[in-house]
Amino acid sequence: MKYQKLFFLPLLTNTLLLSLSVQADVVYQPSFSNGNDGFSLEGRSSINGGGIRLQGGSTIARVQSPVIEVSDYQNLVLSYNRATNRLDPGEAAAAQISVNGEDFATLESVRDENGKVTFPITHSADINTVALRFSLNASSFFESYNVSDITLEGDAENCGEECDPVEPPEPGNHTVIVPDSSWTCSAPEGIPDPTTGTLVFKTTLSAGNVRDIGITPYGQRKVTPVNGGQIQAADFGSPPLSGDVQDNALDVDLHLPSGAVEHESRYVITTSDRTLIYMRNCGVADADNIRFVADFEAPDNSRYAWLNNGRYIGVRKVNGKSIDLEVYTDASTRPNDRRVQVLADNDVRQQTWECPTLSPAVSAGDSVMTLRVGIAGFQSVGDSKYGSRRIIGITGGSFSGTINGNVNPGGADYQLTRNGELSLEARYTIEPENGEPILVRNCGDYGSGDLTWPLFEAATDSEYNWLNDTDFVGTITPGLGRVTIEVYDRQ
């Protein structure tokens, strides 16, 4: 059935509905500014960008509102915006309502309807409470149902302040985002609202075109090249952090089937006195804006060594072709904060924060490909809290062998020397001749052997899916302005 309306009076004219909307009071209007605003979530459902997002899967995706007290209102009217995407015949998105705790009745069942819809609410008895439920029964992750601008209006009875069923939020309420145990960002207890702390700095970065890797074994992977921006210092620190964020960084997001997002980005900051600072961000979100934990490495002997201590929480917002970062310190949770759990996805492979380490017993087999990777000059942060950090930017290049193509500029090799032993981790993308990007992570721990562990992440529906499930080893040979990386089957 393409479109079905039940339970409510469909005979009211548009003129009457408009009149009700203009004169009525707003009884209930979730903004989702406090996380889920009391909605419960099941299946592949999320609160995304101020609205509800449901995605198809093996189980029905569903969200349900808290019970809404409406006993002091008459002439109730519900409205909301909805958008469906790619639903097949036999699949449906549904909106339902429960009045006075009774069973849920269907408002509408749709497959390809979009836009705003309005329903007057009637019942044989006085209406004291209502609850709303939105669900999607579809098979594919790419099929979706989005609901926004939910508004319940009515005419308040003349009984003074006692008629208001919606209590204003307590001052100081904030949201704590609790990450999944597979990606804790060093904050398993939850990432607090950064604005509860003190601003350290802001910056606006220039974003390039998103490289959509596609659906990989981990979820949908997107990589954005990021160029630099100027730091807007706040009145914090001795001295306050000022300078510029360097070009050639990568912003890496993983969109999970549940609607949650896991984020990683790394930046190099050049301060006003030419000190280099390394910043690595780990973030999560159940909506568009990423909340992240920032980890700084500043030289121990510099004026900015204060960054090596303390806890830094930030928020990342994408605005067209720019990325806004705000970083705060001393953010904290409060007893009345709302806690939002980031939904786990047990059906996908879990990404790791730290580089994996090869066993010394492995060896190289047949050659798979040769990468000739252009590099920028070495940049040294120097001795800091984890060891001595050195960063080598990636400027482009090419590769050949079983597959052929180009190495994209952007990313770097982040090398750390600790207790005399060198480890490396390179992050960049390559692009085969058919134009489908692949994310590369090359890990090496030269305290346990002279081979690296190249890891490739490609779309599972591409001809390069085999890279996801094959074990490799690699060698690195330095050259003038580039390094040569040989990739072999692992023995």
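Reader: Is Glu264 buried or exposed, and what is its relative accessibility?
Author: This is a predicted model, where local features need pLDDT of at least 70, side-chain atom pairs count only at pLDDT 80 or more, and totals for chains, interfaces and linings use all residues. Residues are numbered from 1 along each chain as its sequence is written, and side-chain values use heavy atoms, with hydrogens and water left out. Buried means under 20% relative accessible area, exposed over 50%, and partly exposed in between (1.4 Å probe, protein chains only). By that rule Glu264 counts as buried, at a relative accessibility of 5%.

Reader: OK, what is the mean pLDDT of the protein chain?
Author: pLDDT is the predictor's confidence in each residue, from 0 to 100. Here 90% of the residues reach 70 or more. The mean pLDDT of the protein chain is 88.

Reader: Which strand has the lowest mean pLDDT among the elements?
Author: Strands (E, at least two residues) and helices (H or I, at least four) are DSSP runs, numbered from the N terminus. At the top end sits strand β29 (residues 405-407), with a mean of 98. The lowest mean, 33, belongs to strand β1.

Reader: And how many contacts beyond four places in sequence does the model have for residues 1-22?
Author: A contact means heavy atoms within 4.5 Å. Residues 159-171 stay under 50 in pLDDT and have 11 contacts beyond four places in sequence. Residues 1-22 also stay under 50, and for them the number is 42.

Reader: Back to Glu264: which residue is its salt bridge partner at 3.1 Å?
Author: A salt bridge here is a side-chain nitrogen of Lys or Arg within 4 Å of a carboxyl oxygen of Asp or Glu, and the structure holds 16 of them. For Glu264, the closest N and O atoms are 3.1 Å apart, and they belong to a bridge with Arg427. Glu264 is in strand β21 (residues 261-271) and its partner in strand β31 (residues 421-432), so the pair ties together parts 163 residues apart in sequence.

Reader: Which residues are linked with Glu264 and Arg427 in a network of salt bridges?
Author: Side chains of opposite charge can pair when their charged atoms come close. In this network, Glu264 and Arg427 are linked with Arg266, Arg280, Glu425 and Arg441.

Reader: Where's the other end of the Asp37 salt bridge, and how many residues apart are the two?
Author: Asp37 forms its salt bridge with Arg338, with the closest N and O atoms 4.0 Å apart. Asp37 is in the loop between β2 (25-28) and β3 (40-42), while Arg338 is in strand β26 (residues 338-341). Asp37 is buried at 15%, whereas Arg338 is partly exposed at 30%.

Reader: What is the angle between the planes of Phe236 and Trp306?
Author: The centres of Phe236 and Trp306 are 5.7 Å apart, and the pair is edge-to-face at 75 degrees. Phe236 sits in the loop between β18 (229-233) and β19 (243-245) and Trp306 in the loop between β23 (290-297) and β24 (312-319), so the pair ties together parts 70 residues apart in sequence. Phe236 is partly exposed at 22%, while Trp306 is buried at 18%. As for the angle you asked about, it's 75 degrees.

Reader: Which ring does the charged end of Arg133 sit over?
Author: A charge sits over a ring if NZ of Lys or CZ of Arg is within 6 Å of the ring centre and within 35 degrees of the ring normal. Arg349 lies over the face of Tyr218 at 5.6 Å from the ring centre. For Arg133, the distance to the centre is 4.0 Å, and the ring is that of Phe104.

Reader: Last one: what is the bridge partner of Ile215 in β17?
Author: Two strands pair if DSSP finds at least two bridges between them. Strands β16 (residues 211-216) and β17 (residues 219-227) run antiparallel and are joined by five bridges. They form a hairpin with two residues between them. Across it, the partner of Ile215 is Gln220.

Terms used
Phe/Tyr/Trp six-rings, centres within 6.5 Å; stacked < 30°, edge-to-face > 60°.
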